[in-house]
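Student: I have this one open in the viewer now. Can we go through it piece by piece?

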Amino acid sequence: MTTTQGTESRTHWSETAAEVVGRLRATFNSGVTRPLDWRVSQLQRLRSLLVENEQELIEALWADLRKNAAEAKVQEIDFTVADIDEALADLESWLEPRPVEVPAHFGPTTTAYTTYDPLGVVLVIAPWNFPLHLLIDPIIGALAAGNTVVAKPSEMSVHTSAVASRLLREYFDADVLTVVEGGAEETTALLAQRFDHIFYTGNGAVGRVVMAAAAKNLTPVTLELGGKSPVFVAPDADVEETAKRLVGAKFGNAGQQCVAPDYVLADPATAAALVPALRAAVDAQFGFTPQTAADFGRIINERHFDRLTALLDSGRVAVGGQHDRDDLFIAPTVLTDVDPASSVMQEEIFGPILAVVEVADLDAAIVFINEREKPLALYAFTESEATKSRLVKETSSGGVAWGQPVIQLLMTGLPFGGVGESGLGRYHGRYSLEAFSHLKAVADVPLN
Ligand code: NAD
C-alpha cells in the first residue's frame with residue numbers, strides 16, 4: 001500500500017473496477033484502518049478539504065444549481081463540517097464496547113459485550129441535488145467506522161462532482177479512498193464487484209438496480225431514496241406562519257430536495273385560506289420576479305425541466321407557473337384543484353411545484369397517506385397534540401416534523417432514512433457509524 005498523501009496520489013485511471021476494489025481491500029486487510037487515530041486523521045483530512053476549498057466548492061455549486069453562496073456554504077459545507085466535528089468529538093465514546101447483561105445461570109464471571117467492527121470496502125453512490133453534502137456525509141460514517149471507500153459522485157452535477165473528485169484525490173491516499181467518476185456504465189461496473197456495504201442515495205428505480213447487484217454478493221445496502229412527502233395543514237393552524245415556513249422549506253434548492261414538502265392535504269376552507277397566504281409568502285421571500293431573485297435556484301437540466309413543466313396542467317396554477325427553458329427556471333408554483341389521479345400525484349415532484357389536495361378532515365388525510373407509498377417525511381401544521389399523536393401512530397414515514405418541514409434532517413441525534421419505498425437503513429451522527437459497521441457479539445467465559 002502507498003502511504004503517500006497529496007497530489008501525487010491519483011486515481012489509477014487505467015485500473016479496472018476489480019483492481020480498484022482489490023487495492024482498497026488490501027489496505028483494509030492490512031489492519032491500518034482500525035485504530036481510532038487513523039480514523040480521526042481521515043476525518044480531519046475531510047474537514048480540511050471542505051474548509052480550505054470553500055470558495056471553489058461554492059462556485060461549482062452555483063454553476064450546477066445556482067445555489068447562492070450563503071445557502072451553499074450553510075447547507076453543503078457548514079452542515080457537513082458540523083457532522084465531521086460531531087464524529088471527531090464523539091467517535092471514541094461511540095466506539096466503546098457496550099456490556100450486555102448475562103443471564104445468572106452462566107455464572108458470575110461470564111461477561112458479554114458488543115463492539116463495532118468495520119466492514120471492509122464500501123461503495124458510496126451520490127446524487128446531484130446536494131452534490132457535495134450527499135457525497136461527503138456518508139464518507140464521514142464510512143471512514144469513522146474504519147472502512148476504505150470507493151466514492152461515485154453524480155455525473156449530473158458536473159461542476160461540483162469534478163471539483164469534489166479532484167479534491168478527494170488530492171487529500172486522500174488512493175489506497176484509502178478512490179473516486180470513480182461516471183454515470184450508469186461506470187456504476188454498473190462497480191456494482192459487479194463485491195463490496196462490504198453499498199450506500200446509495202437517489203431514486204428508487206436505480207435503488208432496485210443497486211439492491212439486485214448487492215444481493216449477488218449478500219452485500220448489505222443503505223438506500224436513501226425519496227417519495228412524496230405530505231403536509232397536513234389542520235384547521236387550527238396559523239395559515240400565515242404555516243405558509244411562510246412551507247415556502248422556505250419547499251422552494252429551497254428549487255424544490256430539489258428529498259425531504260421537500262411534496263403536497264398539502266387540507267380541508268377546503270383551510271386550503272382556501274392557505275393559498276393566498278402562500279402567494280404572499282412567495283412574494284415576500286422571492287419578490288414579484290423570482291427569476292431575478294438571488295436566492296432562487298435552477299433546475300438541474302433540460303430533462304428534469306421538461307418533466308416538471310409537464311406537471312403544470314395537473315391542476316390550477318394558483319401561484320407562479322412561469323418558466324424559461326433557456327434559463328432552466330421554473331417559478332415557485334402552487335397548484336390547486338389537484339385531482340389525486342393527475343400526473344403530479346403519481347410521482348415525486350422534486351422541483352418547485354407544490355400541489356394542494358383537498359380532503360374532508362384528518363381521518364381522510366390519514367387514509368389518503370396510507371393508500372400511497374410510505375414517504376420519506378410527513379409534516380403537519382397544527383396546535384393539536386391529539387392530531388400529532390394520531391399522525392405519528394397511524395401513518396408510516398421515514399420521519400416526521402411538526403411545524404417546521406425539513407428540520408428533522410438537521411438534527412443529527414435523529415436517524416435519517418426512509419421506510420418502504422422511501423428507503424432502507426439510516427445514518428447521521430452515531431447512526432452513520434452503525435450504518436458502516438457490524439455490531440459484533442462477544443461472549444467471554446473464563447476457563448477457571
Ligand atoms: P442521480 O441521477 O444523480 O442518480 C444517483 C446516482 O445513481 C448517480 O451517482 C448515478 O450515476 C447513479 N446511477 C444512475 N443510473 C444508474 C444505473 N442505471 N445504474 C447504477 N447507477 C446509476 O440522482 P437522482 O436519482 O435523480 O436523485 C434524485 C432522487 O434521489 C429523488 O428521488 C430524491 O428524493 C432522492 N434523494 C434522496 C435523498 C435521501 O437522502 N434520502 C437525498 C437526495 C435525493
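This is a predicted model: local features need pLDDT of at least 70, side-chain atom pairs count only at pLDDT 80 or more; totals for chains, interfaces and linings use all residues.

Student: Take Ala249, then. Why does it count as buried?

Tutor: Because its relative accessibility is 7%, and the cut-off for buried is under 20%. Ala249 sits in α9, which covers residues 239-251.

Student: What is Ala249 in contact with, leaving aside neighbours within four places in sequence?

Tutor: Gln257, Pro261, Pro405 and Val406. As for distances, Ala249 and Asp267 are 18 residues apart along the chain, and their C-alpha atoms are separated by 21 Å.

Student: Where is Val406 found?

Tutor: In the loop between β16 (399-402) and α14 (407-410). Val406 is buried, with a relative accessible area of 11%. Its phi is near 85°, a positive value in a residue other than glycine.

Student: OK. What about His428, what is its phi?

Tutor: Phi of His428 is near 95°, again positive in a residue that is not glycine. His428 lies in the loop between β17 (423-424) and α15 (430-435).

Student: Is His428 buried or exposed?

Tutor: His428 counts as buried, at 5% relative accessibility.

Student: Changing topic. Which residues of α8 are buried?

Tutor: Gly204, Gly207, Val210, Ala213 and Ala214. They pack against β3 (121-125), α7 (184-191), β6 (197-201) and β7 (221-224).

Student: How far does α8 reach from its first C-alpha to its last?

Tutor: It reaches 16 Å, close to the 16 Å expected at 1.5 Å a residue. Helix α8 has 12 residues, 204-215.

Student: Now α3. What is the relative accessibility of Leu61?

Tutor: It is 0%, so Leu61 counts as buried. The residue is placed in helix α3, residues 54-65.

Student: Which residues does Leu61 touch, not counting those up to four places away in sequence?

Tutor: Arg66, Lys67, Ala72, Glu76, Pro131 and Thr160. Leu61 and Thr160 are 99 residues apart along the chain, while their C-alpha atoms are separated by 5.7 Å.

Student: What share of contacts in the protein chain join residues at least 24 apart?

Tutor: 71%, among contacts between residues at least 6 apart in sequence.

Student: Next, Glu302. Where does it lie?

Tutor: In helix α11, residues 302-309.

Student: What is Glu302 in contact with, leaving aside its neighbours within four places?

Tutor: Arg325 and Leu328. The C-alpha atoms of Glu302 and Phe329, 27 residues apart along the chain, are separated by 10 Å.

Student: Now zoom out. How many helices and strands are there in the protein chain?

Tutor: 15 helices and 18 strands. The C-alpha atoms fill a box of roughly 75 × 60 × 35 Å along the principal axes.

Student: What radius of gyration does the protein chain have?

Tutor: 23 Å. A compact globule of 448 residues would have one near 22 Å, so the chain agrees with that. Buried residues make up 56% of the 448.

Student: How about the surface and the charges?

Tutor: The protein chain exposes about 18,500 Å², with carbon and sulfur atoms supplying 55% of it. There are 35 positive and 59 negative charges, and their mean positions are 3 Å apart.

How values were computed
Residues are numbered from 1 along each chain as its sequence is written. Side-chain values use heavy atoms; hydrogens and water are left out. Helices (H or I, at least four residues) and strands (E, at least two) are DSSP runs, numbered from the N terminus. The radius of gyration is taken over C-alpha atoms; the globule rule is 2.2 Å times the number of residues to the power 0.38. Buried means under 20% relative accessible area, exposed over 50%, partly exposed in between (1.4 Å probe, protein chains only). Contact means heavy atoms within 4.5 Å. Accessible areas come from the Shrake-Rupley method with a 1.4 Å probe; for residues, only the protein chains shown count as cover. Lys and Arg count as positive and Asp and Glu as negative; His and the chain ends are not counted. The place of a charge is taken as NZ of Lys, CZ of Arg, CG of Asp or CD of Glu. The expected span of a helix is 1.5 Å times one less than its number of residues.
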